[in-house]
Amino acid sequence: MELLQQLGGMFLEAAPTVVIVFLFYLLLRFTFFGPLQRVMDERVRRTEGARREAEASQAAAREKVRAYEDALKKARAAVYAEQDETRRGILEERSAKAREARNRAMERVQAEKARIANELAVARTELAATTPRLAADIVRRLLEQRPSVGPSSVAR
């Protein structure tokens with residue numbers, strides 16, 4: 001029992017300290033911890049807001065980069081199409097020139113063939129005209145060079 005009385009006395013002596021600590025706690029809560037908590041909450045709110053703004057800015061930047069890349073792809077495609085069209089035009093022009101040169105060459109070949117055929121016809125006509133005379137000249141010369149035909153010359 002004495003122990004209980006001693007404990008009771010201690011609690012009575014400690015009661016003003018507990019009340020003072022409790023009042024000090026309330027005072028600190030309203031004057032120090034409350035404003036500190038509000039400042040911390042404001043900081044978190046602003047940080048989250050800044051983070052959201054940064055994410056939105058990054059998304060906008062990504063969208064702009066994508067739009068620029070699309071525009072660049074379209075510009076490249078247009079340049080490639082123009083280069084392809086130019087190349088195709090040059091190839092067609094080159095092909096037309098080659099065809100034209102081939103046609104001119106064929107015309108020249110045909111003209112030369114016609115000229116050669118004409119020369120051949122003229123040569124054949126001249127040959128046909130001179131053949132009897134040449135044959136007569138050859139026979140005459142052969143007969144002039146040959147001695148008279150007799151019995152002694154046949155045996156040789």
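**Surface, extent and the aromatic pair**

Analyst: The accessible surface of the chain comes to about 14,600 Å², and 63% of that area belongs to carbon and sulfur atoms; the areas come from the Shrake-Rupley method with a 1.4 Å probe, and for residues only the protein chains shown count as cover. This is a predicted model in which local features need pLDDT of at least 70 and side-chain atom pairs count only at pLDDT 80 or more, while totals for chains, interfaces and linings use all residues. Residues are numbered from 1 along each chain as its sequence is written, and side-chain values use heavy atoms, with hydrogens and water left out.

User: What radius of gyration does the chain have, and what would a compact globule of 156 residues have?

Analyst: The chain has 63 Å, whereas a compact globule of 156 residues would have a value near 15 Å. The radius is taken over C-alpha atoms, and the globule rule is 2.2 Å times the number of residues to the power 0.38. The C-alpha atoms fill a box of roughly 195 × 40 × 15 Å along the principal axes.

User: Why is the pair of Phe32 and Phe33 called edge-to-face?

Analyst: The structure holds one aromatic pair. Phe32 and Phe33 lie 5.2 Å apart, centre to centre, with 70° between the planes. Rings of Phe, Tyr and Trp (its six-membered ring) pair if their centres lie within 6.5 Å; planes under 30 degrees apart count as stacked, over 60 as edge-to-face and the rest as tilted. The pair is therefore edge-to-face.

User: What makes Phe32 and Phe33 partly exposed?

Analyst: Phe32 has a relative accessible area of 45% and Phe33 one of 43%. Buried means under 20%, exposed over 50%, and partly exposed in between (1.4 Å probe, protein chains only), so both are partly exposed. Of the 156 residues of the chain, 2% count as buried.
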